[in-house]
Amino acid sequence: MGSVKSSRNRNVKPHFVRKGANMTCENDNVIHVSEPFMPDFDNFSTMLRQIWSSKYVTNCGIFHQKLETELADYLGVPYVSLTANATIGLTIALKALNLTGEVITSPYSFVATAHVIKNEKLLPVFCDIEKNGFNLDPDKIESLITEKTSALMPVHCYGYPCDVEKIQAIADRHQLKVLYDAAHAFGVNYRGQSLLRYGDLSVVSFHATKVYTTIEGGAIISPDLETKTRVDRIRNFGIESEVSIPILGMNGKMNELQAAFGLAQLAHIDEILAKRARLAEVYQERLTHSPLIEVPVKSGEFTRNYSYFPVIVKGRTHRRDMIYNLLKSKNILVRRYFYPLLTDTQCYADLPSASPIGLPNAHHVSERVLCLPLHPNLTTDEVHHICNIIDLIPMSSFEAE
């Protein structure tokens with residue numbers, strides 16, 4: 001079974017390794033923060049044989065087209081464009097929207113969110129998150145809008161929906177585009193429809209740490225055929241025909257092998273989501289009244305996908321790292337996700353909007369957050385084991401604050 005190992009470099013996503021006979025017993029006993037669900041191998045191998053026989057391994061083949069269609073149907077969205085990964089997906093989406101100048105986004109996200117903006121020669125402007133949440137605070141957006149602002153790029157962090165109505169109202173008032181970094185939001189519905197339908201474009205991740213995976217990969221959700229056609233053209237070098245290349249594009253396509261893996265995975269997605277929900281319920285029951293841990297509870301008209309299980313460590317900031325190191329010493333690999341803030345990294349610390357003065361909520365959460373293990377291979381007993389360790393941490397260990 002594949003597994004995700006937490007990286008020592010907190011700015012780098014964990015790598016995937018194969019558990020096997022050459023692994024030590026100690027490694028086999030590690031509880032990883034995330035592991036991919038491995039679909040039925042016979043089903044996958046049948047598709048691989050078809051790919052081997054056809055010798056058609058890329059350039060939007062049969063399995064690529066089939067996965068786009070089946071994902072659009074499952075998610076309840078108009079059009080899906082598969083990409084090699086979500087970072088490339090965000091890059092293509094930015095190009096498709098013809099943006100210039102400044103893009104307002106969140107400092108509380110994975111570094112790819114800001115990197116794609118900067119790589120497109122746009123300026124990321126960082127807005128604080130909600131006081132009791134993880135997403136952009138709509139009430140702080142308008143003070144950051146200038147004549148150079150061309151778009152808003154909010155993040156549906158951990159799959160929790162942004163305040164899409166307020167954000168759209170702001171965008172409409174100021175004639176701005178809205179691109180959602182929806183990396184975590186696969187399968188989340190809001191007010192009876194897919195959360196991915198909101199904004200001008202949404203981009204979802206299919207990285208192996210996500211609830212649904214094509215190993216690496218992602219997708220852009222378009223509202224209409226005209227937009228999808230433009231997105232697909234950019235994804236394929238800007239090519240219109242054999243003799244016409246009217247726009248600047250790139251190579252952002254997903255290959256046939258990954259598309260086949262995605263089709264095999266999609267056959268199990270409902271059981272994956274159900275398993276995550278059951279495990280999250282156990283965490284919720286065990287940790288709700290913990291003197292050390294605050295379990296965020298988000299209410300509203302949306303369905304959760306339980307892509308992550310974030311908790312906030314109460315009290316002074318060094319408590320979080322003490323718990324992080326204690327769990328690590330017990331072979332339980334949790335993540336300080338997201339830490340540090342994007343605005344505390346060398347890439348962005350010198351920007352005017354990176355000042356901590358304007359980002360108090362983001363700093364508060366980043367210094368206290370832990371994401372506990374949550375994946376479909378995790379057992380209920382393992383969740384209880386993790387909670388037992390947290391329960392047994394004496395408050396006296398924090399008295400020397």
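Me: Which residues of helix 2 are called buried?
Reply: The buried residues of helix 2 are Phe-44, Ser-45, Met-47, Leu-48 and Ile-51. Buried means under 20% relative accessible area, exposed over 50%, with partly exposed in between (1.4 Å probe, protein chains only). This is a predicted model, in which local features need pLDDT of at least 70 and side-chain atom pairs count only at pLDDT 80 or more. Residues are numbered from 1 along each chain, and side-chain values use heavy atoms, without hydrogens and water.

Me: How do you know that the span of helix 2 agrees with its 14 residues?
Reply: The expected span is 1.5 Å times one less than the number of residues. For residues 41–54 that should be 20 Å, and the end C-alpha atoms are 20 Å apart, which agrees.

Me: What makes Asp-40 a cap of helix 2?
Reply: A side-chain oxygen of Asp-40 lies 3.4 Å from the backbone nitrogen of Asp-42, at the N-terminal end of the helix. A polar contact is a pair of N or O atoms within 3.5 Å, one able to donate a hydrogen and the other to accept it.

Me: Why are strand 12 and strand 13 called paired?
Reply: Two strands pair if DSSP finds at least two bridges between them. Strand 12 and strand 13 (residues 309–313) have 2 bridges, in the antiparallel sense.

Definitions and conventions. Helix = DSSP H or I, 4+ residues; strand = E, 2+ residues; numbered from the N terminus.
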